[in-house]
Amino acid sequence: MAPWVTMSVHDPAPLHPRPRRGFATEQVHAGAEPHVPGGANPRVTPIHLTAGFVFDDFDQAHDRFTGGDDGFSYTRLGNPTNSALERRIAALEGGSHAILVGSGQAAVASAVLGLASAGDHLVSASSIYEGSRSLFTENLGRLGIGTDFVLDANDPLAWELAIRPNTKALFVESIPNPKNDLVDIALVAEVAHRHGIPLIVDNTFATPYLLRPIEHGADIVVHSASKFLAGHGSVLGGVIVSGDSFDWSVTAADGSARFPHLDSPVASLGGQSLAAVHGPAAFLAFTRDVVVARFGPTPSPLNAFLILQGIETLSLRVDRQSASALQVARWLEQQPEVASVDHAGLESSPSRALAARYLPRGQGSVFAFTVHGGTAAARTLIDSAELFTRMTHLGDVRSLILHPASTTHAGRTPEQRAEGGIWDGLIRLSIGVEDAADLIADLEQALAAVRAAGHLTEAPADEAVAEVVVERAEAAGIQA
Ligand SMILES: *Cc1c(COP(=O)(O)O)cnc(C)c1O
């Protein structure tokens with residue numbers, strides 16, 4: 001038997017039970033390779049940096065290709081380092097299986113391609129990561145998969161009205177970027193399941209330490225592992241996690257199979273369907289064997305190793321980053337130069353009730369605030385930052401600062417930006433593990449630079465912001 005008996009590409013049977021131990025325990029132990037009696041048994045999962053794996057003999061080669069032996073054959077189809085990380089993330093998310101891919105974008109793309117084909121349809125919340133939005137509209141759109149966007153993700157009627165007979169998934173982010181306008185996952189899952197449709201949740205901003213979407217009804221969870229899971233900002237990675245309760249043999253309203261690729265006879269399965277053989281794991285089996293194995297977004301085992309190293313301290317980092325972010329957000333809210341702060345942990349947040357229900361451990365560490373004085377003030381503030389790094393990334397141990405209107409959201413029209421609350425003075429922060437006092441001191445000197453440059457007297461470009469500005473300026477006793 002191969003020393004690394006792991007989830008086969010042919011038979012994704014659950015290897016790791018749902019976690020029974022605490023999160024901090026699981027983040028260092030879950031999915032570790034089995035002890036091999038008499039083996040060398042390294043304590044840390046090794047980096048299996050190899051394209052392929054030796055077949056002992058003629059028959060083993062045949063068995064590995066046809067499912068009779070679940071050992072490894074070629075790294076695009078599976079690798080022991082990558083598998084260890086897949087098992088760990090599945091355990092932390094409370095899912096049954098996971099697939100590791102090369103980036104978060106690959107995870108979103110592969111998950112959707114595991115469900116939908118030309119002529120199909122998705123419904124997504126509109127406040128999602130810009131890369132995912134463009135993937136849906138520009139890439140999947142060209143493949144004949146249409147997407148409709150729901151402006152208020154917490155309005156069940158908006159989802160109902162957007163769902164069509166050919167809708168194959170609903171898509172949301174647990175903590176949307178950059179406004180922190182939380183999504184009621186259970187509410188969206190309920191609408192999805194009423195129509196026999198799975199809910200995909202991008203849980204990148206929350207991490208499984210703060211929120212486990214599967215426990216609230218999500219069927220598929222995706223991550224950019226490049227962010228908090230890795231944490232050190234040195235590699236990219238993505239992961240697709242599947243829950244174990246969705247019935248893939250569900251029929252559409254007209255009685256036809258909603259997921260014909262999962263629910264029709266497969267010759268190599270003796271004429272049975274993937275849903276009949278794999279049950280709730282059918283989606284993951286198809287996505288692994290057919291989508292990911294062929295499109296090939298394979299991560300390097302070196303990257304998987306580095307993400308494993310990062311995950312071992314996930315809860316420690318996220319605890320500290322969340323606490324510091326709330327401290328920074330509270331401080332910003334008191335500053336007269338600041339018009340508003342979008343952090344779900346603040347008493348002023350419209351998402352406060354959802355935060356209490358979904359994010360009791362902390363509300364994450366990526367949030368935005370809007371400075372008076374529009375683009376000019378934002379430019380001065382960002383260029384004055386000394387400790388914060390100007391960079392488009394998040395979940396890093398270092399604190400980062402970005403101006404969404406001129407970067408991530410530059411491709412959208414001013415009307416679209418206004419619709420999403422991406423004001424010209426809006427600045428996104430990702431709080432790292434530095435001392436909060438140093439971060440506040442850096443923002444303090446940057447706000448002083450904004451004040452000195454005289455931007456505060458300039459009229460805000462946006463009327464909606466103007467109202468907030470006037471209200472808050474009056475409250476703070478500033479002459480507008
Ligand atoms: C970064 C990010 C992605 C894309 O991940 P990459 O690893 O950069 O490809 C997707 N979703 C969210 C919410 C992200 O923050």
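## The loop that holds Pro 178

Pro 178 is found in the loop between strand E4 (167-173) and helix H7 (185-194). The structure described here is a predicted model, and in this model the peptide bond that leads from Asn 177 to Pro 178 is cis, with omega near 0 degrees. Most peptide bonds are trans, and most residues other than glycine have a negative phi.

The loop between E4 and H7 also holds Asn 180, a residue that has a positive phi of about 60 degrees although it is not a glycine. Is Asn 180 buried or exposed? With a relative accessible area of 2%, Asn 180 is buried.

## Asn 41 and its loop

Another positive phi in a residue other than glycine belongs to Asn 41, where the value is near 50 degrees. Asn 41 has its place in the loop between helix H1 (23-29) and helix H2 (58-66). Asn 41 is partly exposed, with a relative accessible area of 27%, whereas Asn 180 is buried.

## Aromatic rings

A pair of aromatic rings is described by the distance of the centres and the angle of the planes. In this model the count comes to eight aromatic pairs. Among them is the pair of Trp 248 and Phe 283, whose rings are 5.5 Å apart from centre to centre, with 25 degrees between the planes. This pair is stacked, because planes under 30 degrees apart count as stacked.

Elsewhere, Arg 133 lies over the face of Phe 149, at 4.4 Å from the ring centre.

## Helices that pack against each other

The axes of helix H4 (residues 104-113) and helix H5 (residues 130-142) come within 10 Å and cross at roughly 45 degrees, and H4 and H5 are therefore oblique to each other. H4 passes H5 in a right-handed crossing. On the side of H4 the contact is made by Gln 105, Val 108, Ala 109, Val 112 and Leu 113, and on the side of H5 by Gly 131, Ser 132, Leu 135, Phe 136 and Leu 140. An α-helix has 3.6 residues a turn, so residues three or four places apart point the same way.

Helix H12 (residues 314-333) and H16 pack at an angle of about 30 degrees, with their axes 10 Å apart. That angle makes H12 roughly parallel to H16, and H12 passes H16 in a right-handed crossing. The contact is made by Ser 324, Gln 327, Val 328, Trp 331 and Leu 332 of H12, which meet Ala 436, Leu 439, Ile 440, Leu 443, Glu 444 and Leu 447 of H16.

## How helix H14 is covered

In helix H14 (residues 374-384), the buried residues are Gly 374, Ala 377, Ala 378, Thr 380, Leu 381, Ile 382 and Ser 384. What covers the buried residues of H14? The cover includes strand E9 (366-371), strand E10 (389-390), strand E11 (400-402) and strand E12 (426-430), and it also includes helix H16 (436-452).

## Contacts between separate parts of the sequence

Leu 306 lies in helix H11 (residues 301-311) and is partly exposed, with a relative accessible area of 25%. If residues up to four places away in sequence are not counted, Leu 306 touches His 232, Ser 234 and Val 235. The C-alpha atoms of Leu 306 and Ser 234 are separated by 8.2 Å, although these two residues are 72 residues apart along the chain.

Asn 79 is found in the loop between H2 and helix H3 (80-93), and at 1% relative accessibility it counts as buried. Which residues does Asn 79 touch, not counting residues up to four places away in sequence? They are His 48, Thr 50, Phe 53, Phe 72 and Pro 301. Asn 79 and Gly 310, in turn, are 231 residues apart in sequence and 19 Å apart in space, C-alpha to C-alpha.

Technical notes. Residues numbered from 1 in each chain as written. Predicted model: local features only at pLDDT ≥ 70, side-chain atom pairs only at ≥ 80, totals over all residues. Heavy atoms only, no water. Phe/Tyr/Trp six-rings, centres within 6.5 Å; stacked < 30°, edge-to-face > 60°. Lys NZ or Arg CZ within 6 Å of the ring centre and 35° of its normal. Axes fitted to C-alpha atoms, helices over the stretch in contact; angles between N-to-C directions. Helix = DSSP H or I, 4+ residues; strand = E, 2+ residues; numbered from the N terminus. Parallel < 35°, antiparallel > 145°, perpendicular 65-115°, else oblique. Left-handed = near helix turned anticlockwise from the far one by under 90°. Contact = heavy atoms within 4.5 Å. Buried < 20%, exposed > 50% of the residue type's maximum accessible area, 1.4 Å probe, protein only.
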